[in-house]
Amino acid sequence: MITVPYLTALTTYFSYGLLFAFGQFRDFFRKIFDWWHASNLQGYAPICLGLEDFYIRRLYLRIQDCFGRPIASAPDAWFDVVERLSNDNNKTLKRTTKISRCLNLGSYNYLGFAAADEYCTPRVIDSLKKFSPSTCSARVDGGTTTLHEQLEECVADFVGKPAAIVFGMGYVTNSAILPVIMGKGGLIISDSLNHNSIVNGARGSGATIRVFQHNMPSHLEKVLREQIAEGQPRTHRPWKKIIVVVEGIYSMEGELCKLPEIVAICKKYKAYIYLDEAHSIGAVGKTGRGVCELLGVDTADVDVMMGTFTKSFGSCGGYIAGSKELIKFLKYTCPAHLYATSISPPAAEQIISAIKVILGEDGSSRGAQKLARIRENSNFFRSELQKMGFEVLGDNDSPVMPIMLYNPAKIPAFSRECLNQNVAVVTVAFPATPLLLARARICISASHTKEDLLKALEVISRVGDMVGIKYFPAEPMKQQQQEEGRIKVE
């Protein structure tokens with residue numbers, strides 16, 4: 001639950017209202033103009049309909065230079081951003097030959113493996129020579145190499161589960177797995193702020209979906225009690241299966257899941273737990289084993305453990321870890337395993353090598369140093385932002401820290417001005433967040449030095465003053481948030 005100042009909420013709604021009113025006014029005259037000009041598509045229904053089309057044309061395209069910026073280097077602590085120009089009010093963007101060297105505060109390079117690594121890179125190059133960039137086949141055909149089998153054993157051992165299965169894309173890991181393990185007559189209880197991949201996977205399963213308030217175990221228990229008592233819709237028969245889906249670190253909020261409480265509730269009501277550790281595996285915990293290690297939860301109490309390799313491991317793809325029976329079932333039935341091209345062998349080698357570095361199996365202490373650095377960097381950066389007066393979401397130890405912007409005009413202003421000062425940030429707005437809750441999402445890396453962080457803080461502070469997003473004059477933040485004159489938005 002996020003509390004928004006009344007004045008900020010009012011001005012934000014007014015800004016969107018003004019944009020909507022002027023946009024509709026212009027569209028009215030556009031329809032009249034188009035009526036006089038015959039089109040070869042007369043009689044066809046528009047492909048793009050309604051408010052989605054209006055939002056893209058009248059809001060998103062105006063600021064699309066803030067999104068999808070092409071880069072021309074590895075996404076390390078610093079990277080090269082390609083500049084783009086537009087001659088038609090941002091309807092189209094053209095790349096230029098000009099490149100800006102920018103501090104990278106947007107990539108999920110939590111442990112710094114995205115750039116060349118003294119241990120990982122030589123092994124990845126060797127695997128490229130031996131196995132080629134692609135298997136050109138699904139896993140069940142000719143797409144399973146010795147690297148894939150080694151990777152699955154390595155992942156299972158790392159997360160503390162008997163077995164694991166890997167996929168070539170993290171998003172598909174959620175969206176393809178949930179329809180396999182759940183179906184009609186089942187119940188999925190999902191956190192209200194779960195990732196879109198979970199939402200789409202749940203919708204595609206055919207199971208009944210219920211939502212509990214974000215990270216609120218008490219509301220989860222209430223929903224569970226009600227649903228168990230009522231049973232299936234219309235028939236009121238007992239549910240065939242109940243599964244609770246949560247994330248380790250919520251990607252848009254930077255909050256840690258209240259996993260111990262949720263595990264206790266699921267045990268009480270005999271519900272399964274599905275834990276998405278896309279942003280937490282490798283990034284938190286003493287040895288990088290995620291929120292279970294950080295919060296002291298036995299992995300045996302989590303039935304399905306999901307994670308991706310795109311964040312802490314500097315690669316691509318995702319995994320599901322669980323019992324041997326579950327993984328065997330998925331290998332026989334999951335379409336992402338049966339029909340999709342298997343994960344690239346060099347990408348698999350990158351993951352294996354990164355895990356070895358994290359565990360110290362490369363013969364050095366670099367893994368432990370990276371884990372200590374990401375924790376120190378994250379907590380230092382979050383603390384300094386709060387001292388400056390920014391409203392920062394999330395918990396300590398989380399490398400994801402959203403800075404609240406709220407007003408739509410402040411989204412491009414913050415993004416463009418940071419880029420002008422060679423700091424690249426990611427801004428997020430509706431529909432990825434609720435209308436009121438636009439934000440800049442900062443991602444900290446172990447590859448950031450203290451000098452990098454101090455430069456970033458200096459630039460963000462200066463830009464924050466310029467665009468007016470320092471909503472708290474001074475510490476302490478928690479006392480300020482409890483003041484009157486704020487509304488709650490989920």
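The structure is a predicted model, in which local features need pLDDT of at least 70 and side-chain atom pairs count only at pLDDT 80 or more, while totals for chains, interfaces and linings use all residues. Residues are numbered from 1 along each chain as its sequence is written, and side-chain values use heavy atoms, with hydrogens and water left out. The model holds 16 salt bridges, a salt bridge being a side-chain nitrogen of Lys or Arg within 4 Å of a carboxyl oxygen of Asp or Glu.

**Salt bridges around R366**

- E118 and R366 form a salt bridge through their side chains, with an N to O distance of 3.8 Å.
- This pair links distant parts of the chain, 248 residues apart, with E118 in the loop between β3 (94–104) and α3 (120–131) and R366 in helix α13 (residues 366–388); helices (H or I, at least four residues) and strands (E, at least two) are DSSP runs, numbered from the N terminus.
- E118 is exposed at a relative accessible area of 65%, whereas R366 counts as buried at 16%, where buried means under 20% relative accessible area, exposed over 50%, and partly exposed in between (1.4 Å probe, protein chains only).
- R366 also forms a salt bridge with D362, for which the closest N and O atoms are 3.8 Å apart, and D362 is buried, with a relative accessible area of 19%.

**A helical pair and a network**

- In another salt bridge, the side chains of R462 and E458 meet at 3.3 Å, N to O.
- R462 and E458 are separated by about one helical turn because they stand four residues apart in helix α15 (residues 450–467).
- Both ends of this pair are partly exposed, R462 with a relative accessible area of 37% and E458 with one of 48%.
- A network of salt bridges links D27, D53, R57 and R58.

**Backbone geometry**

- Most residues other than glycine have a negative phi, and most peptide bonds are trans.
- The peptide bond that joins F430 and P431 is cis, with omega at about 10 degrees, and P431 is placed in the loop between β13 (426–428) and β14 (439–443).
- S132, although not a glycine, has a positive phi of about 80 degrees; this serine lies in the loop between α3 and α4 (146–159) and is partly exposed, with a relative accessible area of 27%.
- H236, likewise not a glycine, has a positive phi of about 60 degrees; its place is in the loop between α7 (217–230) and β7 (241–247), and at 55% relative accessibility H236 counts as exposed.
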